[in-house]
Amino acid sequence: MEKLENSKQLSANKISNGQNCYLICNVRLPVMFLRFNTRIKMFYKLQQKVENWFGHVFEKYGRFVARNPFKIILLVVFINIGLGFGLLRLEQESGIEQYTPTDSTASKNRDQIRELFAIDTAVNYYQQSLPDLGLFASVIIERNDEGNILDSSLWGDISALYDFINTTTAHDSTMGLALMGGNCVANRYNLGFAGILGTGLAIVGSFGLVSLCGAKFVDIVGAMPFLILGIGVDDMFILLSGLADTSSKDSVEDRIGQTMRTSGISVTITSVTDVIAFCAGAASVFPSVRNFSWYTGCAILFCYLNYVTYYIGCMTINEKRVSKNIHFCTCMPTKTRTDMEAAGQSKCKIFCCAGSPHKTRDEIEGPIEKYPKRLVKRIVLFKPTQIIICILFAVYLGFSVWGTTGFQEGLDIRDLVGKDSYYYDFYDTDQNMFSQSLIVSLNIQSDVNYRFESSFNQINSLVTNVQKDSQVFDDFLLSWLHAYRSSAVFDNTSDALFISGLQSFLSTVQGNVFVNDVMFDTSNSIVASRIHIMTESITSSNSQADLMVKIRESVESSSLPVFAYSPGFIFFEQYVQILPQTLQTLGICVAVVFVVTAIFMPLPFMIILVTVTVVMIMVGVIGFIKFWDLTLSSVTMIHIIMCVGFCIDFSTHMCHAFVQAEGTRNVRVAQALDMAGGPIFNGAISTIIGVLMLVFSSSYVFFSFFKIMLLVMVFGLIHSVFLLPVILAYIGPQYKVAKSDVYPEKTITFGGKQNRLEQTLPEPHPDYPGAE
């Protein structure tokens, strides 16, 4: 059999007319398409092997659980409760610094100051000398009639308040639907209760284990049970959807095995992705994010393990009850609705007592599972509405991208308390009526002889360089050296006289304000000193972060061993690191989505589609927080990371259901909506209902969680049940494998000579909406 000439031979032929050009293209294009189809078929076969292997493992496991349901349920319950005793060692980490990054430049500088400047605030208290906010309180005095407080009639009250404050000692302290129907046999009410109980056990067990490992409980972890409940409910509905798709004629063991074969992979993909993603968050520099990730990642793992053990056992027991036609509540044998109607029973008794095993999926599905997906199928498979969906999503994406360019960063301290809190009003008054200037210390370490004029000039140059910034006052300088040089006891004729004169100066009333700014060793040598500058009143978090960075850059250009520090820098660090930390963590999460999807569903198109969908949802969430008066902070960063799980869950369930389905694209989309659409609707609506109670919370942490969770649930829902089906209906991967992979040879004419083209691959079939 003759073969086609290679490309060099073809190009060597003399092409004298357009017909020959057409023939060349006519030969090359089918060959290129067939090569591409070869690669596609290779990935499809790989997907089938992976699906079959994992499916076989999950089916065998499901059959094992179905044979030993009671043993497995008891074992899991005992393990979770046993680990729950670890809660006795639960330690709480509170305070604002849990929302600031650890090992930051500011925290290292603070450690240096504590080492260099040992001060006793009980003897020499000066606020500018404190390495942190310290144990002090501010008192704001206002008249009830908003008049002048400099009224002699009030002096007695002010004096009494002053005396009370002076006798007060400060101490550190901590701050702080869907499954029920009229069929009393086939309804899944007990399974719904068992699912919620399994989630609760997972939370108890994981909290106990993480507490035993030494991770501290941070305030934001209080919102985590809502997340775990949502993820657990989502897994429950996926498993129930797989069970509803099995034949009631099969044995319970066969049905449980088939359920795990079809739904086990989908649940595993999402759970593994969530756990690894939260492991990435555990590497964060923010203690609140780090500890939250440990608690949440472990809870998601326990939730998954509970559902594939304890909950599968509960499903087995429930299906055995159904197969015996036993009432779900009374556990008594039950008659069918038809038999009771024939016996003349009342409608009330029929509703409360009648029941029978379901025969079709439609009989067992609840209203939220049944009706929304029917409407969605009509919408996403109708060409005019498909166009409308694409246009709306383009507009949504445009608004999202625009929103990401204008969101604000920062955390307002008052948001960490309720609006009815005493501190909330105090903070407002303090911000509005008093200057928020910062005193920044320029801390000079050893190896400086302050007696020499050259050292004094270096210090002056340092101060001048820092005060060039428009946000730094150029007429304020609190400097022991300048004050000492202007005093009557200044003497720099020798080192000894310089030191003795300085110590005399520090003991005076004028010099005592600098007593914490010069440190001596045992030989009376100066080992560290500092001077202070002042900034303008700055309240914007972005401006505060920018100012900190600029002051540091100015100081680093000095030849002196000096660093700049202010207690406020500890909190400003979060404004510098929050965006890169968020992007880094989200980037790791997206990479995890890509890798895990590639392992369990190795189809390039599906891998890219799931990953891009997750990115689109996250862009939407980050973009729309601007429109909901939220800022990017260590609090909202946690909410965004924890919501990645729902982005992954919804899109993965829909794509995996499409891969499992058979037939044309439209048919497969319809089947995918049958399999995954109902659970997605159930999961989204139940989660939204669950977090609605947070609307009434006065806590910023919980109210912001509600806002972001609502965004994620809405965006995740519309992406998975509207956008993805439209995309899959048009360009979803379609594989039509014939019985034989070899087709008859085709003869083509080229250059006046007949050539035979041998096809060893499936011939491509047209497949698009309308071509069926």
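Author: A residue counts as buried under 20% relative accessible area, as exposed over 50%, and as partly exposed in between. The model discussed here is predicted.

Reader: Is Leu 692 buried, exposed or partly exposed, and why?

Author: Leu 692 has a relative accessible area of 40%, and because this value falls between the two cut-offs, Leu 692 is partly exposed.

Reader: Where is Ser 104 found, and is Ser 104 buried or exposed?

Author: Ser 104 is also a loop residue, between strand 1 (92-93) and helix 4 (105-116). Its relative accessibility is 2%, so Ser 104 counts as buried. Leaving out residues up to four places away in sequence, Ser 104 touches Glu 573 and Gln 577.

Reader: Which residues have the most contacts inside the largest nonpolar core?

Author: They are Tyr 311 and Met 606, in a core of 128 residues. Helix 25 gives the largest share of this core, 17 residues.

Reader: Why does this core lie between domain 1 and domain 2?

Author: The core lies between them because both domain 1 (40-89 + 183-360) and domain 2 (365-405 + 601-735) give residues to this core.

Reader: What is Met 606 in contact with, leaving aside its neighbours within four places in sequence?

Author: Met 606 is in contact with Thr 597, Met 601, Cys 655, Phe 658, Val 659, Leu 728 and Pro 733. A second, separate core has 48 residues, including Val 448, Leu 502, Val 518 and Ala 528.

Technical notes. Residues numbered from 1 in each chain as written. Predicted model: local features only at pLDDT ≥ 70, side-chain atom pairs only at ≥ 80, totals over all residues. Heavy atoms only, no water. Buried < 20%, exposed > 50% of the residue type's maximum accessible area, 1.4 Å probe, protein only. Core = buried A, V, L, I, M, F, W, Y, C linked by side-chain atoms within 4.5 Å. Helix = DSSP H or I, 4+ residues; strand = E, 2+ residues; numbered from the N terminus. Domains from an automatic or database assignment. Contact = heavy atoms within 4.5 Å.
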